[in-house]
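Try each task before you read its solution.

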Amino acid sequence: MADSWATPRGEPGQRTDSPAGPGADLHLDLPPGGGTGVRVALIRALRDAVRTGRLAPGTRLPSSRSLATDLGIARNTVADAYGELVAEGWLTARQGSGTRVAERVVPPEPAPPRTLPPAALAATRPTYDLRPGEPDVSAFPRTAWLSAARRALIAAPNDAFGYGHPAGRPELRRILADYLARARGVRAAPERIVVCAGFVQGLALLSRVREKAGHREVAVESYGLDVHWNVMRGAGLRTVPLPVDQQGARTAELDRSAGLRTVLLTPAHQFPIGVPLDPDRRAAVVDWASRVGGLVLEDDYDGEFRYDRQPVGALQGLDPEHVVYLGTASKSLAPALRLAWMVVPDHLMDDLLALKRTGEWESGRLDQLTLAEFIDSGAYDRHVRGMRMRYRRRRDQLVAALAERAPRVRVTGIAAGLHAVLQLPPGTEQSVVRGAAWQGLALEGLSRYRYRDEQGQERQQEPGEPGPGPGGQPDALVFAYGTAPDHAFTGALEALCRVLP
């Protein structure tokens with residue numbers, strides 16, 4: 001194979017204005033021998049070098065004599081190749097200027113069509129994603145947030161740009177203490193608040209603290225999020241399911257396990273069943289924690305969104321020394337902020353902060369200052385009130401549409417939150433979920449949230465144990481009416497009604 005080593009001066013895409021001279025090197029791979037085959041190969045090699053950008057626009061090529069000598073071929077072969085490429089527009093030739101790469105942009109060759117595997121096709125984004133987990137992020141108050149960020153940045157002290165205290169900025173902790181006491185009935189001093197990067201991070205920190213203290217068993221509701229169970233398992237805890245019915249978690253059963261000292265609950269609005277924890281059961285879990293020296297982890301993920309009556313107050317207000325309150329901006333504002341907070345009993349603070357100092361457990365300081373300013377200015381309350389009205393209208397639309405189009409489907413868990421539970425006829429859950437996928441709807445069945453152990457085995461309901469739905473019926477959909485933007489909600493509702501019994 002004949003070749004000449006080294007490329008012309010200049011990198012691909014960079015113009016080379018200086019004459020290359022007769023001895024400039026040009027690397028080209030050609031088949032051995034002569035004749036028309038070499039001429040065609042030379043034309044193809046030069047064309048490819050220009051097309052790929054290896055020979056940039058304006059690059060001066062070696063003279064036909066020099067290139068022919070380097071490649072060991074006839075000069076006429078090189079001259080013919082140059083002439084054809086000039087005619088095609090790849091090269092230019094002017095008297096006294098030599099032969100150069102033409103000054104034009106050569107579009108890259110189109111990539112061959114990519115065939116997606118079936119798994120990738122199945123993962124393409126649906127027309128309507130109605131799975132719970134996010135608020136309507138299109139409603140994020142960008143203008144008000146930007147104004148708060150500007151004010152916070154101007155007023156920020158110099159130490160706000162350093163590493164700071166592991167518990168978070170004092171401005172946000174002070175504002176949160178006032179807000180949580182006023183809006184959620186939390187008994188909190190700023191010194192007992194720890195800011196973290198989302199609820200899951202807070203849960204991971206608490207799980208590690210409990211494991212280090214020797215409390216390696218934690219009760220969880222028998223319907224919930226597997227990501228939470230897995231976070232606690234990853235910290236070395238063993239999860240124990242606590243049955244859930246239409247009054248919430250059955251907290252009287254906490255005494256069944258002698259070594260149990262920790263329980264994770266969603267008392268204001270059980271996820272995903274959607275019921276508040278019964279008052280007697282609230283009292284029972286606090287009594288249990290006080291009696292055994294236990295700890296209740298209270299997940300208040302959407303406590304601001306109550307529609308038909310006053311919000312259910314935080315469980316933490318009953319016993320601040322045995323309840324850790326966990327709140328988040330992910331549902332009220334947006335998950336992208338990665339801001340959440342814990343109100344922690346005094347006896348846990350030292351261990352928690354010591355752990356938080358050991359790694360990248362911090363939230364952005366400037367975002368903390370912005371949130372503090374956003375709440376303090378009243379913008380947070382205005383935003384929550386506005387979103388509460390918006391979500392309530394959607395909930396009412398859902399109830400009215402189902403009453404007209406699918407009267408056999410009962411809607412439950414609608415007094416609060418951003419999702420509803422649609423009770424289905426027995427044995428229909430999976431077929432409805434599959435039918436929804438054909439309509440471009442991403443929906444989750446209630447079974448998706450049923451407790452599974454470390455091996456993925458589903459918890460079996462005990463004989464006589466009440467189920468999560470009326471009459472113990474577990475077949476249901478978890479429909480997130482808070483996720484879709486306003487302009488898409490009517491279409492999503494129409495698609496839902498087409499697939500329901």
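The exercises below go from model confidence to strands, helices and a single residue.

**Before you start.** This is a predicted model, where local features need pLDDT of at least 70, side-chain atom pairs count only at pLDDT 80 or more, and totals for chains, interfaces and linings use all residues. Residues are numbered from 1 along each chain as its sequence is written, and side-chain values use heavy atoms, with hydrogens and water left out.

**Exercise 1.** Find out where the pLDDT is below 50.

*Solution.* Start with the chain: pLDDT (the predictor's confidence in each residue, from 0 to 100) averages 86, and 87% of the residues score at least 70. The stretch with pLDDT below 50 is residues 1-21, which still has 52 contacts (heavy atoms within 4.5 Å) in the model beyond near neighbours in sequence.

**Exercise 2.** Work out the strand order of the open four-stranded sheet and name its edges.

*Solution.* Strands are DSSP E runs of at least two residues, helices are H or I runs of at least four, and both are numbered from the N terminus. Two strands pair if DSSP finds at least two bridges between them. The order reads S13-S14-S17-S16, with antiparallel pairing. S13 (410-412) and S16 (444-445) each have a single partner strand, so they are the edges, and one side of each lacks a neighbour in the sheet. Now zoom in: three bridges join S13 to S14 (residues 420-423), and Val 411 sits opposite Leu 422 in S14.

**Exercise 3.** Decide whether the faces of strand S4 are covered or open.

*Solution.* In a regular strand, side chains alternate between the two faces of the sheet. In S4 (residues 193-196), Ile 193 and Val 195 lie on one side, Val 194 and Cys 196 on the other. All four are buried (under 20% relative accessible area with a 1.4 Å probe, protein chains only), and both faces are covered. Next, the pairing: S4 and S12 (residues 340-343) are antiparallel over four bridges, with Ala 340 as the bridge partner of Cys 196.

**Exercise 4.** Describe how helices H7 and H8 meet.

*Solution.* First, which residues touch? Phe 199, Val 200, Leu 203, Ala 204 and Ser 207 in H7 meet His 228, Val 231 and Met 232 in H8. Then the geometry: the axes (lines fitted to C-alpha atoms over the stretch in contact) come within 8 Å and cross at roughly 30°.

Note on methods: Buried < 20%, exposed > 50% of the residue type's maximum accessible area, 1.4 Å probe, protein only. Axes fitted to C-alpha atoms, helices over the stretch in contact; angles between N-to-C directions.
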